Amino acid sequence: IFLMHNNKMFSFYFNSFTSGATTKVLRDMSTLPRVYVTRQIPPEGLKILQDSGQVQFELWDSDDVPVPRKELLQKVKGVDGLLCVLTEKIDAELLDAAGSNLKVVSTMSVGFDHLSLEELKKSRGIRVGYTPEVLTDAVAELTVALLLATSRRLIEATHEAKTGGWGTWRTLWLCGYELANSTVGILGLGRIGVAIAERLAPFKVKKFIYTDVAPRPELAKAINAEYVTLDELAKQSDFLSICCALTPETKEICNKNLFSKMKNTSIFINTSSHIRGGVVNQEDLYEALSTGQIAGAGLDVTVPEPLPTTHPLFTLKNCVILPHIASASYSTRNAMSALAANNLLLGLRSQPMIKELKL
């Protein structure tokens with residue numbers, strides 16, 4: 001396919017190989033920067049790259065299967081830019097394989113646990129783009145959905161209806177817990193925590209409380225939330241939503257000690273973005289759920305991901321586990337891919353990125 005742009009002809013070649021799951025797109029091969037895209041990104045981001053006329057790029061054309069490590073190390077050799085997702089480990093081995101031409105890494109994710117920041121900080125001159133903020137609404141909506149599904153036992157109820165458990169009306173059968181007149185706790189008050197609270201407020205929540213590394217009065221004011229200690233957060237919360245980042249300080253912060261302080265009617269929800277299941281000690285959570293220490297839990301992030309189907313948490317009726325889908329709306333994923341593509345192009349032009357991770 002040929003395209004005229006500013007009196008210059010560009011050629012496009014689309015070659016699909018079923019064995020290698022690779023599609024190659026080449027533009028003005030001799031002069032344009034080379035880019036490797038590690039996944040079949042949503043169409044808005046792909047269109048930005050295609051229409052830019054600024055890069056020649058090759059992508060691993062699969063949404064179901066991550067690019068094999070051996071293939072990735074081969075494909076990044078000599079590239080100027082890399083657009084990746086959270087399944088690719090960007091470490092010293094990969095950066096060495098890419099070589100000195102690599103100037104920009106753009107990740108289609110809000111988290112960056114998969115990036116070796118220490119290696120990127122070294123004198124390689126590599127800039128990093130990421131995609132925060134655009135997924136706030138989607139994550140907040142999913143958190144509310146998961147909270148309601150867990151507290152009102154919707155998965156259990158669906159199973160009973162499908163399998164013949166639905167008999168005569170019973171006074172306390174499948175009863176759950178209401179948000180009305182409840183106290184909602186938030187561990188880690190950021191944009192997503194505020195967005196969750198804003199969506200829960202119309203349910204007549206009585207009180208919002210939160211804890212963080214320090215009080216965040218401006219954010220708290222927006223939802224009329226009170227700052228409390230971690231112990232008080234555990235003791236007072238009827239619903240506890242985990243929104244904190246995974247750091248050495250927060251690793252397994254949700255453990256036996258925290259669960260032991262919670263009410264036996266409490267609902268625990270973890271939708272922390274990107275591989276942040278590590279803030280929860282899952283063995284302690286299993287014990288708390290199986291012994292009735294807490295009433296239920298809803299998880300969108302686990303360790304590892306995917307969580308093995310044989311994991312004990314899957315045996316519990318009072319634990320709802322989702323396959324990390326908090327940002328999985330068409331509009332959000334397209335916005336993330338567009339931001340990742342624009343970060344990449346701006347970085348290759350040595351211009352300020354829309355969202356750049358300051359190393």
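Predicted model: local features only at pLDDT ≥ 70, side-chain atom pairs only at ≥ 80, totals over all residues.
Two residues are in contact when they have heavy atoms within 4.5 Å of each other.

Helix α1 spans residues 43–52, and its buried residues are Gly 45, Leu 46, Leu 49 and Ser 52. Why do they sit on the same side of α1? Because they cover an arc of only 135 degrees around the axis. What covers them? The cover includes strands β5 (34–37), β6 (56–60) and β7 (81–84), along with helix α12 (330–348). Just after α1 comes Gly 53, with a positive phi of about 65 degrees.

Leu 49 turns up again in the largest nonpolar core, which has 48 residues. Leu 49 is among those with the most contacts inside this core, together with Val 37, Phe 57, Leu 83 and Leu 200. The core takes at least three residues from each of domain 1 (21–134 + 331–357) and domain 2 (154–317). There's also a second, separate core of 26 residues, and its members include Ile 209, Ala 234, Leu 258 and Cys 319. In soluble globular proteins, nonpolar side chains tend to be buried together.

How confident is the predictor? The chain has a mean pLDDT of 91, and 90% of its residues reach 70 or more. Two stretches are another story:

| Stretch | pLDDT | Contacts beyond four places in sequence |
|---|---|---|
| Residues 1–19 | under 50 | 37 contacts |
| Residues 22–28 | under 50 | 43 contacts |

Key. Residues numbered from 1 in each chain as written. Heavy atoms only, no water. Buried < 20%, exposed > 50% of the residue type's maximum accessible area, 1.4 Å probe, protein only. Helix = DSSP H or I, 4+ residues; strand = E, 2+ residues; numbered from the N terminus. Arc of directions from axis to C-beta. pLDDT = per-residue confidence, 0-100. Core = buried A, V, L, I, M, F, W, Y, C linked by side-chain atoms within 4.5 Å. Domains from an automatic or database assignment.
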